[in-house]
Structures are given as structure tokens and as C-alpha cells.
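Please look at the structure first and keep it open while reading.

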Amino acid sequence: MYPAHIRETGERQTVQKHCRSTAALAATALRPLGLEKSAYLAGLLHDAGKNKQEYAQYLSEAVSGGNAVRGSVNHTFAGVRLLLDRWHGGCGTFSYSDVTAELLAFAVGSHHGLFDCIDPQQHSGFFHRQTKEGIFYDESRQGFLAEVADEEELEHLFRDAVREMTPMLDRLAALSTQADDNEADRETAFYIGLLARMLLSAVIEGDRTDTAAFMDGVEPPVFPEDMRPIWTERLTFMEKKLAAFPRKTPIDLARQTISDTCAAGAARPGGVYRLNVPTGGGKTLASLRFALTNAAKWNCSRIIFTAPLLSILDQNAQVIRDYIGDDALILEHHSNLAEPKETPERLQALELLTASWSAPIIITTLVQLLNTCFGGKTSAIRRFHALCGSVIVIDEVQTVPGKMLTLFNLAVNFLSEICGATIVLCSATQPCLEAADHPLHRQPVDLVPQQKALWDVFKRTDIQNAGCARLEELPLIVMGALSSCDSLLVVCNTKKEAAFLFESLQAANCRCFHLSAAMCVQHRRETLQALQSALDKPSADNRQKVVCVSTQVIEAGVDISFQQVIRFSAGMDSVVQAAGRCNRHAEQKEPAPVRLIRCTDERLRGLDDIVRGQNATTALLTAFSKTPEAFRHDLSSEEAIRFYYRRLYAEMEPGFQDDQTQAHGSLYHLLADNPRYADANCAQAERYLLRQAFRLAGGLFQVFDEDTSALLVPYGRGRELQNTLRNAAQVYGQKDWAVIRGCIDEAKGYCVSVYRYQLERLESLGAVTSLFDGGILLLSDGFYNEHTGFFLEAGTRDFQEV
């Protein structure tokens, strides 16, 4: 009986036991998609290559501290070859059986790291795995058939898998919205790639879950098949709290109308919905009520909330917790701290600790959601199956980068049409996704139709074009604005601008606050609390005024109100969000001014999204100045926002929305038919239908333009967590993983993200401590300011706040 894993105590788990457990867990993960047998077979075969003496000897040496090189014995190729040798024709004309064999083979062969079906050298990953010598394939195959599953069972399982896959592949082919045949085929190939990722996700989930259960006793929560009692109970709890809301002012009544309309709209199953609500309209609670109502009616598996910024996430999470009333149901996942490094053929202990989204309610970032759909790490891919049958609320959907509109829209199509997900796109400035190069398959349903009487209630600001100024002139402009108000918010485009203004205003007779993503979440939370207190309780002499200088971290989701706002010129989506922090609760009877200023000497090199948004906003301002009546004399009107997005998309060059790379074409092409590398001159490509460069695309995928790493900073409690983790890392083989896991969960509030060039500079200065093979990074003292957060040194370049 070959071992799959051996504990340090010497206890063995057999390959037969591990493969059966993995198969059962994978089947459960994809049961909602009707791919139970397919996932079971892939899980059963995933470790077929461990049925050999070479692996048993390697495993024994690795556990005993011998000379074994961890991950050195190949065990993923055998299952790929067994599938392709037995059920794949390899003749260039592909049957449903051929495609099923490829999809299963990809899931088996990628469970420790993606591979390219066709790589940049025009080599086939399938062919390489099917013909590789020196992996003891015959021994592995014979051992598998003798100890895990015989040929008769495999044959039955594969036939069942083909029966599941046939209608699924037909549905994918019908999903394309493109009229051009070539582009329709490319979209279909992209959707098949997402299906391959879904199978892989189930295998990884089964493998990691069973491994963690055996090695460390880490058992995931067990989901009941019928989630409706849980959702109904939480909905009842929420409705009771909502019933106590005041219903006196016009805003109170308008928020109630929006909430009731959302609840009524939840009667429909699945699909894509838009929640286009003005800032201050109660969007978070309305979307939560919709999600619970929809989940209770249609037995949804999970409710997933995403937000683009940690500041939004932090506040939304607290609201959600208050109105769910049971923290045991909720998982927050919003940091790449403790993300394991990919190691082929080897499973790292940290990977067993990463969030698998095994909770009914997930609160996460837009970055984590998009990484789940397209990122290359197995820890991200693992979560993909969790999206099936879920309600996914995407807050501030306008923040999806323009460069990945194609990937986003096609993923929304796949999740809503194939995976049974209900997707809610929330924003006060809804992007025109139906006008993108690859539009949504169906027009989203508006949960709250546009009603002028309802929207006019929330008219609390007046966005004004305040012309141009240089950065050094802004402090005087800020002081001039403070002469006519008691509180002012200034929103900058870069951290450097915000730091400059903050320092420039220190000598002024006002209380000045600073906010940016250079500050860890806990630092921002404490600053916001102090800021709110200053706004609520003016100083004793009532003369000191309040000003906050911030990047766009404050723009959305932060329930705070200033009398006036100055916004550096940006896209209208950002401008409207900034306006939402002004006169938020109609404290002033007349609309308050939100001044839009173009900073003529700001440095935005490399910040193309901001420049593109500025240009589209400038075009809108020009059109507005000529015919304001066409926009109902309001720069935030629906007509103005539509004009802005049409102009913004026109600013994008052909192919821009496909997520272009410098060296390899677009990620959309790489994840579809991969024409750059899988052309007619690649003989191996003709043997297989799947041509996607999954590994290459996964490594290249970045929601924003640069790689970032999370640093645990020495701020407050973060310093204590650093010391605990240092101590836990001292003795290899005797780590207290329960303590480490607890530290990782708490440390998420004390992390900042740094770009690669910053990390390299910090490392050269000896300012970073690396723990657990680089999975956790600690920032040293001297690089974190109590007011402005992380700093590197003078002269570093600007970068976009995310």
C-alpha cells in the first residue's frame, strides 16, 4: 500500500485513502454544476503517480530528514497520461470524449501548479506529459489499478463524465455574443478554459482539504445541502433590525423604498443585476437584503461581498456583521499575507492555511475575486468553485480596470449562465458594460429603476469645474476654501500629493488628518475614528477647523461627511464618489460645492487609467459648458455618466480591454485559442483541442500594473504579532500552526502592500524579515510613520493608490 503522506509521528495515509477522499470532496464541490462524476474521476486520478516505490522512498526520506529534495519526484504526470492514452484519439478532429479527457487531464496535471497547453516555445504541455520518460509510469499505472480503482470502474466513471460534459460544452458554445465566427470560436475557447479551471479548483480543494485533515487536523466547516434555513434565519434577524429604522425624513423614506424594491427583485433566480443607487442611498444594506432574500429562496451556497478598497471593505464588513448577527458564518479574506509560493510537485504547509472560502458569507476585495478567476496560484484557483451557486455582490463595480473589461465580462457571463451565480453590480456610476468590446451576454436587470423623484432626494452636492492650479498653489486654495466652511476633504490622485499637502498644512490653524493605503487598515481605522470624532465634536473654542487630505481610499464606502470637497481632476466615477463624502446626510439645506481642480504639474507617468479618466472628464466638462441642459444641469446625472463612459471607452485603443502584455499579446488571447503560440506551424498543437497558455497567463495576470507584497508593519498590535511569528518560526518541524494561523488572521489589519521595486529596495536595506520560505514578510522599525504610514525614502516615484 503506497503512502500519499506521512506524519512526523510516522503515521501513514495511503494513496488509495487520499485519492478516494479527494475525489469525494471534489465531487461535492461541483455537484451544483452537474459535474459530480467528472470531478470525482479527476480527484481519483490526481495522485496516481504516487503509486511507486520511488515516491514512497522519497517521502520516507523527506520526513526523516534525509537527503530527499522536497518536490523532486514527479507524481502529477501519470494521471494525465492514463487519461490521454486511454480516452484521447489525438487525431485532430475532436469528439466530446477527447475534450473530456483533456479537461480531466489538465485538472490532474495542474493540481500543484498550472501548465501551458501550448507554451511560448510552441511545445504542448499535454504531449510532454503523455510522453515523458523516467517517471515510472508503468509501475504507477499498475499500482493505481491494483490499489485505487480498477479499469472497469474507470471506464464507467469516464462515460459518466462524457455524459456530463456534452451538454455543458454545448452551452458554452451557445454563450458567445460575437457575430464574427472567428471571435465567437475564440470566446468559446475562453469559456472552455474557465471550465478547465473550475475542474482544477475542485481537485485542489479536495486535495488540500484532505491533506490538511490528515497532516494537521484542519477540518473545514461542513455545509448542509439545504442552506435555506440558515439564510431565512439571518434574513428574519435583519428584517427585525430594519423595522426599527426611522421613517421620518425624505431620505429615510427613499432608503426604505430602495431596500424594499431590492427585496422584491430577489424573487428571480440567478442572472446579472445592477444596483444603481446614489451615494447615501443605503446600498450596502439594500444589497445584503437582496442577497439574503435571493439565497433563502433559491438555496444559494454562499453570499460573497467584494469591494475595491480596504477602507470600503472594513466599513462594509462591520455593517454586514451587525445585520447578519452571527460572526461564525462570516470569513474576511482581504490580504495576500501568507500566500504560499508555488512549488511544483510539493505542497507547502502555508498553503493548507490559506482561505478556501469555506464559509457561508465571504467578505473580500475585488483583487481577490479577480485573482480567484484568473490568478495563477493554486491557492487562488482553489476558491473558484466557491463561486458556483453563490450570490456575488460586487460593490463599486466601476473600479474594475478598463484593461480587463473583456476578462471581467466573460467571467460574469460564465458564472451567471453556467455556474448558477446571481451577480449584483453595485455603483452610483454604473459603467456601460454592454458597450464594451466583449459585452455581457444579457442586459443586466436594474433592481431599482431610475425614478427622478427618488433620486432628487439625494441631491446634496453641486460638482463644479474650478479650473487649474499648480500643486504648490493648492495649500492656499485649501485655506481659502476653509474660510467659508468648517470641514473640508481634499482627495488627491497620488500618495505623494497627499503627503505634500498634509505636511504643508501642519502650520495652519486647523486639525489636519491624512489617509492613504500607505497606512495599514488598523491605522486607517483609528484615524477615521479620530476624524469622525473631530467632525462630531468641534474644539472647545470652536475656532479650529478640520481638513482631511486623502487619496481615493476615502472615496467610497466610508460613512463620513464634510461641508465641502476639493477633488483633483480624475474620472467622473471617482469625482462622484468623492462627492458622496460631502453633505452626506443633508446637514446643509443647499447643495454643497465639490470643486474639481486640474493640477497642471502633477506627475502621472505610468498612471494611464487616471490620465484616461481625466481626459474623458475634460471632454464632459467641455460638452457640459456648451449645452448644460443636455445633462439636466448636473454633472452627476445619468446622461453625464453615460457620456463619460462612452468617451472613456473611446480613449481605449483597440484590444486594450483584452489586458495586453508587452511580450505575449493579450491575456484574453492566451486564455482562449492562444494564436500567437498555437499556430499552424506547431505540430503538437494539432493533437489537442485545448491550446491555452494557462501558466503563462496566470503568472502575468495582475489586477493592477505591478506586483505587490504584503508587509506586516510595526504599528500598534502589529509589533506584537511580528514577535510572535518570529518566535513561532524558530524551530523547524515544531511549529504551532494553530498559533501561526491565529496570527495570520489578526495580522491582516496590520499589513501594507508594497510594489516590487519598493520590496527590493527594503531588502537591500535589510529592512524586511522573511519567514516561512518567504510566505510572511515583516517590516523593520524606521520605515513607518505614525501619521502617514509606510515610507521608503525621498525621491521614490509616484504610483497609483489601490
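The model is a predicted one. Ala630 sits in the loop that links α22 (608-626) to α23 (638-650).

The axes of α22 and α23 cross at roughly 130° and come within 9 Å. The two helices are therefore oblique to each other, since an angle must be over 145 degrees to count as roughly antiparallel. The crossing of α22 past α23 is right-handed. On the α22 side, the contact is made by Arg612, Gly613, Ala616, Thr617, Ala619, Leu620 and Ala623; on the α23 side, by Ala640, Phe643, Tyr644, Arg647 and Leu648. Sorted by class, the residues of this contact are eight nonpolar, two polar and two charged.

A second pair is formed by α4 (residues 77-87) and α5 (residues 96-109), whose axes are 8 Å apart at an angle of about 170°. That angle is why α4 and α5 count as roughly antiparallel to each other. From α4, the residues in contact are Gly79, Val80, Leu83, Leu84 and Trp87; they meet Ser97, Asp98, Ala101, Glu102, Leu104, Ala105, Val108 and Gly109 of α5. The residues of the contact of α4 with α5 comprise eight nonpolar, three polar and two charged.

## Salt bridges

How many salt bridges does a search of the whole structure find? The search gives 39.

| Salt bridge | Closest N and O atoms |
|---|---|
| Arg81 and Asp85 | 3.1 Å |
| Asp446 and Arg274 | 3.1 Å |
| Arg567 and Glu555 | 2.5 Å |

Arg81 and Asp85 belong to helix α4, where they are four residues apart, about one turn of the helix. Arg81 has a relative accessibility of 21% and counts as partly exposed. Asp85 is partly exposed too, with a relative accessible area of 41%.

The salt bridge of Asp446 with Arg274 has its closest N and O atoms 3.1 Å apart. Asp446 is in strand β9 (residues 445-446) and Arg274 is in strand β3 (residues 271-275), so this pair ties together parts that are 172 residues apart in sequence. Asp446 is partly exposed at a relative accessible area of 34%, whereas Arg274 counts as buried at 14% relative accessibility.

For Arg567 and Glu555, the closest N and O atoms of the salt bridge are 2.5 Å apart. Arg567 lies in strand β14 (residues 564-568), and Glu555 lies in the loop between β13 (545-550) and β14, so the pair ties together parts that are 12 residues apart in sequence. Is Arg567 buried or exposed? Arg567 counts as buried, because its relative accessibility is 0%. Glu555 is buried as well, with a relative accessible area of 5%.

Salt bridges can also be linked to one another. Arg86, Arg141, Glu151, Glu155 and Arg159 are joined in a network of salt bridges.

Methods: Residues are numbered from 1 along each chain as its sequence is written. This is a predicted model: local features need pLDDT of at least 70, side-chain atom pairs count only at pLDDT 80 or more; totals for chains, interfaces and linings use all residues. Side-chain values use heavy atoms; hydrogens and water are left out. Axes are lines fitted to C-alpha atoms, for helices over the stretch in contact, and angles run from 0 to 180 degrees between N-to-C directions. Angles under 35 degrees count as roughly parallel, over 145 as roughly antiparallel, 65 to 115 as roughly perpendicular and the rest as oblique. Contact means heavy atoms within 4.5 Å. Ala, Val, Leu, Ile, Met, Phe, Trp, Tyr, Cys and Pro count as nonpolar, Asp, Glu, Lys and Arg as charged, and the others, Gly among them, as polar. A crossing is left-handed if the near helix is turned anticlockwise from the far one by less than a right angle, and right-handed if clockwise. A salt bridge is a side-chain nitrogen of Lys or Arg within 4 Å of a carboxyl oxygen of Asp or Glu. Buried means under 20% relative accessible area, exposed over 50%, partly exposed in between (1.4 Å probe, protein chains only).
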